[in-house]
Amino acid sequence: MKPILYVMSLPNQGQAFWGQPEFKERVVVVDQYGLADIEWHNYSGVIVSMHSDQRWLQTLSDRIADFMKQGGCFVFQGHIAYPFLPELQRFTPMPSPT
């Protein structure tokens, strides 16, 4: 089974969770700006936190799309401010939530 790639946007982000022994073999942690140097096909999924640099992700949109076309799972947590894939739309709040 291929490991999952967890993308940190802040120093030591998620360390309390991803640093647990049961995840050592399953999760590889990388800084968001290291994504350009990663061989994405070595991972089954990529998890990106809501504090990630979405403008940076826009520069990787072709790599993200290719990864997903090859069956990879890409999980983004948060609101989209800068769509980095064609199917994403910028978050707009509800006009009058009830």
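Predicted model: local features only at pLDDT ≥ 70, side-chain atom pairs only at ≥ 80, totals over all residues.
## A buried serine and the sheet around it

With a relative accessibility of 8%, Ser-52 counts as buried, because buried means under 20%. Ser-52 sits in the loop between β3 and α2 (54-59). Its side chain reaches the backbone oxygen of Ser-49 at 3.0 Å. Setting aside residues up to four places away in sequence, Ser-52 touches Ser-9, Gln-32 and Leu-57.

Ser-9 is found in the loop between β1 and α1 (15-18). Is Ser-9 buried or exposed? At 13% relative accessibility, Ser-9 counts as buried. The side chains of Ser-9 and Ser-49 are joined by a polar contact of 2.9 Å. Not counting residues up to four places away in sequence, Ser-9 touches Gln-32, Ser-49, His-51 and Ser-52.

| Residue | Loop | Relative accessibility |
|---|---|---|
| Ser-9 | between β1 and α1 | 13% |
| Ser-52 | between β3 and α2 | 8% |

Now step back to the whole chain. The protein has three helices and four strands, and along the sequence they follow the pattern β-α-β-β-α-α-β. The C-alpha trace spans about 45 × 30 × 20 Å along its principal axes. Of the 98 residues, 34% are buried. Among contacts between residues at least 6 apart in sequence, 57% join residues at least 24 apart. The protein exposes about 6600 Å², and carbon and sulfur atoms supply 56% of that area.

How are the strands arranged? Strands of a sheet pair through backbone hydrogen bonds, either parallel or antiparallel. In this protein, four strands form an open sheet in the order β2-β1-β3-β4, and the pairing is parallel. The edge strands are β2 (27-31) and β4, each of which pairs on one side only. On average, neighbouring strands of this sheet are turned by 20 degrees against each other, direction ignored.

Two of the pairings can be followed in detail. Strands β1 and β2 pair in the parallel sense over five bridges, and Val-7 stands opposite Val-30 in β2. Strand β3 (residues 45-48) is joined to β4 by four bridges, and these strands also run parallel. There, Gly-45 has Cys-73 in β4 as its bridge partner.

Strand β4 has two faces to compare. In a regular strand the side chains alternate between the two faces of the sheet. Which residues of β4 (73-76) lie on the covered face? Phe-74 and Phe-76 do, whereas Cys-73 and Val-75 are on the uncovered one. Helix α3 lies across β3 and β4, running at about 130 degrees to β4.

The largest nonpolar core has 18 residues, and the ones touching the most other members are Leu-35, Trp-40, Val-46, Ile-64, Phe-74 and Phe-84. Strands β1 (4-8), β3 and β4 and helix α3 (61-69) each supply at least two residues of this core. A second, separate core has six residues, including Tyr-6, Trp-18, Phe-23 and Ile-47.

Methods: Residues numbered from 1 in each chain as written. Heavy atoms only, no water. Buried < 20%, exposed > 50% of the residue type's maximum accessible area, 1.4 Å probe, protein only. Pairing = 2+ DSSP bridges. Core = buried A, V, L, I, M, F, W, Y, C linked by side-chain atoms within 4.5 Å. Polar contact = N/O pair within 3.5 Å; in protein donor to acceptor, adjacent residues only side chain to side chain. Contact = heavy atoms within 4.5 Å. Areas by Shrake-Rupley, 256 points an atom, 1.4 Å probe, with all protein chains shown as cover. Axes fitted to C-alpha atoms, helices over the stretch in contact; angles between N-to-C directions.
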